[in-house]
Amino acid sequence: MNAVYDPHKVEQEAQRYWDESESFRASESAEGEKYYCLAMFPYPSGRLHMGHVRCYTLGDVINRYHRLKGFNVMQPMGWDAFGLPAENAAIKNGIPPAVWTKDNIAYMRGQMQRLGFGFDWSREFATCDPDYYRWEQWLFLKLFAKGMVYRKNAVVNWDPVDQTVLANEQVVDGRGWRSGAPVERREMAQWFLKITAYAEELLDELEDMDGWPESVKNMQRNWIGRSPGVEVDFLVEGHSERLTVFTTRPDTLMGATYVAVAAEHPLALAAAQQDPNLADFVAQCKQATTAEADMATLEKAGMPTGLNARHPLTGNLLPIWVANFVLMEYGSGAVMSVPGHDQRDWEFARKYGIEIRQVIEPTQGNDCDLSAAAYTERGRLVNSGEFDGLRFDDGFDAIAKALEAKEMGRRVTNYRLRDWGVSRQRYWGCPIPIIHCEDCGVVPVPDADLPVELPTDVKFEGVRSPLVTMDSFLRVPCPECGALARRETDTFDTFMESSWYYTRFASPDAQSPMVDQRANYWAPVDHYVGGVEHAILHLLYARFYYKLMRDEGLLSSNEPFKRLLMLGMVLQDGKKMSKSAGDAGDPQKLLDKYGADTVRTAMMFAAPPDQSFEWNEAGLEGALRFLKRLWMLVQSHLEALSADSIDKARLSESAQRLRRKTAETLTKADDDYGRRWQFNTVVSAVMELTNAISKFAPRSANDQAVVGEALRAAVLVISPIAPHIADALWGQMGETGSLVDQAWPEIDESALIQNVVELVVQVNGKVRGKIEVAADAEKSVVLAQARVAENVSRFLQDKTVRKEILVPNKLVNIVVS
RNA sequence: GCCCGGGUGGUGAAAUUGGUAGACACAAGGGACUUAAAAUCCCUCGGAGGCAACUCCGUGCCGGUUCGAGUCCGGCCCCGGGCACCA
């Protein structure tokens with residue numbers, strides 16, 4: 001008898017057993033259907049926070065549940081090790097990023113082990129390992145050869161004082177976080193991956209992804225933003241180049257009264273050379289960040305260029321304006337403006353006194369007052385010459401045709417999605433395997449020279465990447481002509497590493513190529529768990545990358561993640577926990593005080609997975625109390641557990657009730673674990689079961705056997721959440737074999753049968769009483785009983801019954817007047 | 001600004017397909033045990049009235065559909081996430 005629950009002893013013993021018997025080592029040849037269970041790997045920021053604890057506990061619950069259900073489960077863990085915080089730490093403390101990262105990994109790995117997560121550590125890697133990132137370079141060069149990679153100018157946040165590129169996060173109120181200098185938009189040559197070439201597939205496949213939440217699929221749909229429309233060409237007076245704009249509303253073309261271009265647009269730059277005021281305005285537009293949210297909330301401003309564009313159908317001249325809300329990155333960096341039928345154009349036109357022309361009228365009684373607002377609904381064309389009277393679809397077609405006939409436009413499908421800029425002007429990332437030669441231009445690093453290793457013995461002087469001044473890295477002979485050339489110093493966006501790590505886990509030691517056939521055994525990931533903050537970028541890039549690998553012949557399926565569990569955030573002072581917000585929410589002292597099982601149980605009990613919540617420690621005492629109660633309950637029934645099997649024919653009524661509770665708990669837990677992915681209610685179901693066991697007073701050997709059945713169920717059901725205590729209790733209950741190798745029990749359906757059910761009786765929708773009826777009673781019998789039930793009959797006096805509704809096993813509603 | 005979520009007792013939440021609102025816990029209050037404390041156990045616990053039986057009100061706000069709405073529809077308010085260089 002172990003009178004006192006000692007979590008530290010129990011947890012150490014269980015972890016030692018799992019470790020020694022390699023309980024969580026996954027093999028392709030093991031029995032059972034494969035189940036790849038993955039929680040998003042962490043950035044090694046230093047210490048785990050409660051957001052990590054939640055994510056990995058949820059992953060581990062799914063892992064352990066599926067093991068009980070007989071699957072061959074693989075749950076790996078690794079490190080998303082490149083990124084900005086390591087550089088910031090290096091700048092601040094002088095610790096090289098490689099050292100800082102390695103230390104953090106060691107510490108966080110220890111914390112994960114302390115939490116008892118059933119990971120297959122034999123597959124662990126960090127993305128900063130050259131063995132890992134060399135394959136990223138390899139694939140990049142394959143894509144380069146295929147034309148899936150290209151180079152073009154793109155704007156970045158430039159800190160003019162620190163002479164460096166800033167991440168959006170490093171821009172605070174339009175100023176550099178270290179220098180405090182106003183940030184400028186600056187163009188730079190950058191590498192891009194053609195994700196837009198896969199836009200259609202990325203969009204269409206969402207239809208069939210039943211295992212993903214509707215909200216995430218919607219976010220991705222909106223992000224990709226497919227819009228069918230028309231490209232319209234405008235001839236520019238005095239220029240040979242045409243100005244091309246995209247519109248989803250060609251039906252409003254006759255209402256265009258001006259054209260607007262981005263401040264970075266060549267026409268704007270050309271015009272600015274003639275006009276100092278315009279040059280000032282263009283310069284002013286550069287005093288802004290690259291963040292779309294900032295652009296969207298900016299006060300709309302513009303200035304005429306003095307140039308005019310010829311309307312392709314009317315031949316009228318339209319003034320060309322520079323506007324601060326037109327983005328060079330999106331489309332052609334120019335838009336046609338129809339103030340009558342676009343709210344933003346309307347506001348701009350009102351501000352600058354540009355003509356507002358109505359060319360659409362409502363088809364049914366809607367208000368249309370262009371002096372108050374733009375009319376943006378679809379309607380009937382007016383003031384549009386030969387197109388008058390047409391509705392949206394016909395107007396769209398007719399104007400598209402007219403443009404096509406004049407070779408001044410064409411139908412196109414545009415996407416909001418932009419190509420993926422993968423260059424970063426940073427040190428702590430995967431080097432881009434390119435060499436710049438004065439004679440040969442851009443030259444890929446030969447396969448034999450991969451990986452291009454990132455030098456790790458670096459000193460940060462100031463805030464710029466050490467690579468740009470490091471001759472040993474920089475100076476390299478051109479692979480084509482042998483002349484002295486310059487190595488690319490940009491590194492990859494860290495989303496590159498996280499876009500394929502889950503395939504590498506399947507064959508972490510593959511020597512060539514990046515994954516081997518084991519990837520097609522484990523992939524796709526069956527259950528992917530992670531924070532909702534990754535709903536768009538990471539998940540979209542990963543889907544894209546998976547298709548790139550498929551088209552390279554490395555993978556045979558189309559989508560990387562079958563089922564997706566999007567976690568709500570663990571908030572701290574109402575905001576998401578992050579590295580930059582500090583290390584609050586460190587679980588270490590909680591682990592020391594309460595043990596892993598209590599922390600895990602409290603976390604699971606706190607809220608359903610998809611809900612965000614503010615973490616507080618109040619729940620820990622309750623979780624510990626529950627585990628202690630469960631422990632004591634088993635201790636007090638140890639003899640009962642060796643009792644004979646249950647004689648179903650001779651059960652007392654209370655024993656029958658307890659058996660039903662046991663069966664109900666197993667049914668509910670199975671549903672919550674397997675279908676609903678809601679684990680807080682599993683905890684409460686087990687709490688209810690243990691409460692029922694406590695209240696039950698066994699009077700016979702048969703009763704004892706019923707208690708034994710209930711206790712075994714309680715321990716097994718809670719085991720994915722609190723695995724250590726469950727393991728210990730399982731052993732104490734005289735069961736052979738470790739709990740992690742057990743099978744989920746068959747449910748005794750006969751225990752669930754109820755002869756008598758309680759129904760609620762409502763009168764006009766208000767609860768007035770309750771009745772007990774035989775489960776198989778006729779409707780007429782139930783209704784008759786309901787009408788005469790205590791407290792019900794008085795609400796029926798002097799009333800006429802209009803309707804009687806019976807919901808089987810639930811309620812009766814009598815409608816009277 | 002745009003896209004996606006969320007809002008239920010003092011607190012975390014439950015209510016799975018439109019069918020008993022508040023399960024299960026935390027906190028609080030009262031009691032038992034104890035020399036005392038801790039631990040444990042028992043009771044009360046949305047608001048108002050009655051101080052019982054019971055009744056009325058109540059799921060962010062306003063309106064609608066329905067025999068019946070926390071759940072569905074329309075409009076609003078507030079909070080969180082994402083917006084392409086935080087990961």
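Analyst: Phenylalanine 460 counts as buried, because its relative accessibility is 16% and the cut-off for burial is under 20%. The model examined here is a predicted one. Across the whole structure, a search finds 40 aromatic pairs. One of them joins phenylalanine 460 to tyrosine 427: the ring centres lie 5.7 Å apart and the planes meet at 80°, so the pair is edge-to-face, the class assigned to planes over 60 degrees apart. The two partners are 33 residues apart and link distant parts of the chain. Tyrosine 427 belongs to the loop between β18 (423–424) and β19 (434–437), whereas phenylalanine 460 belongs to the loop between β20 (441–444) and α13 (471–474). Tyrosine 427 is likewise classed as buried, because its relative accessibility is 0%.

A further pair is formed by tyrosine 673 and tryptophan 744, whose ring centres are 6.1 Å apart; with the planes at 85°, this pair is therefore edge-to-face. Here too distant parts of the chain are linked, the partners being 71 residues apart. Tyrosine 673 is located in helix α20 (residues 653–676), and tryptophan 744 in the loop between α23 (723–732) and β29 (756–763). Tyrosine 673 has 2% relative accessibility and so counts as buried; tryptophan 744, at 8%, is buried as well.

Aromatic residues also gather in a group. One cluster is made up of Phe41, Phe125, Tyr132, Trp500, Tyr501, Tyr502, Phe505, Tyr528, Tyr546 and Phe561.

Some rings have a charged partner. The ring of tryptophan 18 has the charged end of arginine 64 over it, at 4.3 Å from the ring centre. At phenylalanine 392, arginine 378 lies over the face of the ring, 3.7 Å from its centre.

Between β3 (residues 149–159) and β4, the antiparallel pairing runs over 3 bridges. Within this part of the model, asparagine 157 stands opposite leucine 166 of β4.

Definitions and conventions: Residues are numbered from 1 along each chain as its sequence is written. Chains are lettered from A and ligands numbered from 1 in the order in which they are written. This is a predicted model: local features need pLDDT of at least 70, side-chain atom pairs count only at pLDDT 80 or more; totals for chains, interfaces and linings use all residues. Side-chain values use heavy atoms; hydrogens and water are left out. Rings of Phe, Tyr and Trp (its six-membered ring) pair if their centres lie within 6.5 Å; planes under 30 degrees apart count as stacked, over 60 as edge-to-face and the rest as tilted. Helices (H or I, at least four residues) and strands (E, at least two) are DSSP runs, numbered from the N terminus. Buried means under 20% relative accessible area, exposed over 50%, partly exposed in between (1.4 Å probe, protein chains only). A charge sits over a ring if NZ of Lys or CZ of Arg is within 6 Å of the ring centre and within 35 degrees of the ring normal. Two strands pair if DSSP finds at least two bridges between them.
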